[in-house]
Amino acid sequence: MGISRDSLHKRRATGGRKKHWRKKKKYEMGRVPANTKLSTNVAVRTVRVRGGHTKFRALRLDTGNYSWGSEAVTRKVRILDVVYNASNNELVRTQTLVKNAIVQVDATPFKQWYQKHYNVELGAKNQAEIVPKPEEIKGSNHVKRKIKERLQKRKLDSHLAEQFSTGRLFACISSRPGQCGRCDGYILEGKELEFYVKKMQKKKSKAA
Amino acid sequence: MADQTERAFQKQFGVTGCFKSKEKKAPGKSGHRFYKQIGLGFKTPKEAIEGHYIDKKCPFTGNVSIRGRILTGYVKSTKMNRTIIVRRDYLHFVKKYGRYEKRHRNISAHISPCFRVREGDSVVIGQCRPLSKTVRFNVLRVTPSGSSAKKGFSSF
């Protein structure tokens, strides 16, 4: 194995070099990075690791399980685009999926859930928010009552609402695709969303 | 926000600003700050609870636990980013001559933004897991010294 994670090749804290006094050990081994790409032919390889356990090295992925935190809903969605990476712009260019990368995901499963839960259609063509009157809610009395109650507590971030009209939501990957073989994450909201939107606009204006 | 200086959004692990939870007034301004007691009789500074800094290596608001040794020393250098060098002086007995000799050791310790240190301050540091190549300690309490910074030997 060529990649090793030992500290014998590093200098001491005082700056002195260390002499090689032993060979590289297998428990110090490192492996080739996955560099999971966004692609429709999904490929996940199994790797046997120390102790006999397995890691799932995702090489190409296109879907993930994304949760909408404030509404506490999680849906399996298609990942559409890698948009921002705080560590390396190269990873954005090559559309590499890594933890804490900002991606755009398909908004339709969340729209459908929202419609069922609040009876409100997000991202509709007309600008005004359609809040249907209680009489228009389809279903039994029990369902009508539940939806009415939910509508009172309903709050939707304006930035999120804008994203629903384009059908793409910004999300952050919070799993490690090269380790667990999945690309799961959470929808960006609030201050985090503003932060990343600003960063992406700055990048676009610099490139333009 | 003063603390968003990096390219990635800085936040505390496990704290999301957007949950529609009940309004907890406890941590100073507008809630939603994680902090903990580190035990062993060390008080969490007020600045850690009410501040806005994000530091995952802070013992009070981050993801490190203090266990193992607790040492004291005085601050030798504060030039690094969020870490200091602590100098610990001690005497070593030489049996042949029946006398002592002065020795010292430098320890790199991580310092949370809730503390203000200057060189010469006396500091209590506690052992935690390795935070970087040389840092295995975290500052728990600062006792500000007088004005002069003593770089020489001082045993206490």
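First, a term you'll need: a salt bridge is a side-chain nitrogen of Lys or Arg within 4 Å of a carboxyl oxygen of Asp or Glu. One heads-up before you click: this is a predicted model, where local features need pLDDT of at least 70, side-chain atom pairs count only at pLDDT 80 or more, and totals for chains, interfaces and linings use all residues. Residues are numbered from 1 along each chain as its sequence is written, chains are lettered from A and ligands numbered from 1 in the order in which they are written, and side-chain values use heavy atoms, with hydrogens and water left out.

**Stop 1: salt bridges in chain B**

Select R87(B) and D89(B). They form a salt bridge, with the closest N and O atoms 2.9 Å apart. Both residues are buried (buried means under 20% relative accessible area, exposed over 50%, partly exposed in between, using a 1.4 Å probe and protein chains only).

Next, pick D55(B) and R82(B), another salt bridge, at 3.5 Å between the closest N and O atoms. D55(B) sits in the loop between α1 and β1 (70-77) of chain B and R82(B) in the loop between β1 and β2 (83-94), so this pair ties together parts that are 27 residues apart in sequence. (Helices, H or I with at least four residues, and strands, E with at least two, are DSSP runs numbered from the N terminus.) D55(B) is buried at 6% relative accessible area, while R82(B) is partly exposed at 35%.

**Stop 2: across the chains**

Now select E192(A) and K11(B): their side chains meet in a salt bridge (3.3 Å, N to O). This pair crosses between chains, from helix α6 of chain A to the segment before α1 (46-50) of chain B. E192(A) counts as buried, at 6% relative accessibility, and K11(B) is partly exposed at 31%. How many salt bridges are there over all chains? The count comes to six.

**Stop 3: helix α6 of chain A**

Stay with that helix and select its buried residues: E192(A), L193(A), F195(A), Y196(A), K199(A) and M200(A). Look down the axis of α6(A): these residues fall within an arc of 165°, so they line one face of the helix (the arc is that of the directions from the helix axis to the C-beta atoms).

**Last stop: a strand in chain A**

Finish at F56(A), which lies in strand β3 (residues 54-61) of chain A. F56(A) is partly exposed, with a relative accessible area of 38%.
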